[in-house]
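Morning, everyone. Let's take a quick look at today's model. Please bring it up on the screen.

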Amino acid sequence: EDYTEGMERLLRKWETMKSHVPAPVRKNAKKRTPDGVIYFGSTEPAMDEALAALEKRGVGLDALRVRAFPFSDDVFAFIREHEQVFVVEQNRDAQLKTLLVSEGGVHAARLVSVLHYDGTPITARFIVKAVSDKLRAGQAASAPEKVNRY
């Protein structure tokens with residue numbers, strides 16, 4: 001009984017922390033879009049450039065930069081608002097996507113991985129190509145876009 005009470009107390013603390021961590025930053029596309037993108041960390045400069053380039057091509061994406069874990073409810077609200085959400089991250093294992101699925105009960109097929117892990121910084125060119133290719137192919141539940149030059 002004591003152990004269960006302790007675990008429930010930790011769960012309440014975890015839930016409370018969601019409102020005390022930095023909120024995500026949202027940028028909406030100029031026109032309404034069924035598609036979104038989530039990213040974090042050092043992906044931001046390339047993502048900002050990629051969003052502008054995609055917009056010039058007529059591809060609008062609502063964007064959400066995650067800034068903390070545990071995720072605030074805003075992160076999951078963003079996912080619910082979109083038919084598909086690209087998850088751009090710089091690691092092989094799609095850790096952000098995995099956390100979104102496990103922590104928010106998000107169906108994995110709604111999240112489209114765009115993974116870059118060749119040891120170089122991610123570029124806007126890579127993001128634009130990966131997102132454009134996936135949109136063109138209509139692959140809402142496609143295999144992750146991976147770069148591995150080793």
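Confidence to begin with. Mean pLDDT, the predictor's confidence in each residue from 0 to 100, is 90 for the chain, and 92% of the residues reach 70 or more. Residues 139–150 fall below 50, yet this stretch has 33 contacts in the model beyond near neighbours in sequence. Contact means heavy atoms within 4.5 Å. Where pLDDT is low, the predicted coordinates should not be read in detail.

Ground rules. This is a predicted model, so local features need pLDDT of at least 70, side-chain atom pairs count only at 80 or more, and totals for chains, interfaces and linings use all residues. Numbering runs from 1 along each chain as its sequence is written, and side-chain values use heavy atoms, leaving out hydrogens and water.

Now the sheet. It is open, with five strands in the order β1-β3-β2-β4-β5 and mixed pairing. Strands are DSSP E runs of at least two residues, helices H or I runs of at least four, numbered from the N terminus; two strands pair if DSSP finds at least two bridges between them. At the edges sit β1 (25–27) and β5 (111–115). Strands β2 and β3 run parallel, joined by five bridges.

Next, salt bridges: a Lys or Arg side-chain nitrogen within 4 Å of an Asp or Glu carboxyl oxygen. The count is eight. Asp62 pairs with Arg26, closest N and O atoms 3.8 Å apart. That links β3 to β1, 36 residues apart. Asp62 is buried at 8% relative accessibility; Arg26 is partly exposed at 37%. Buried means under 20%, exposed over 50%, partly exposed in between, with a 1.4 Å probe and protein chains only. Glu81 joins Arg26 and Asp62 in a network of salt bridges.
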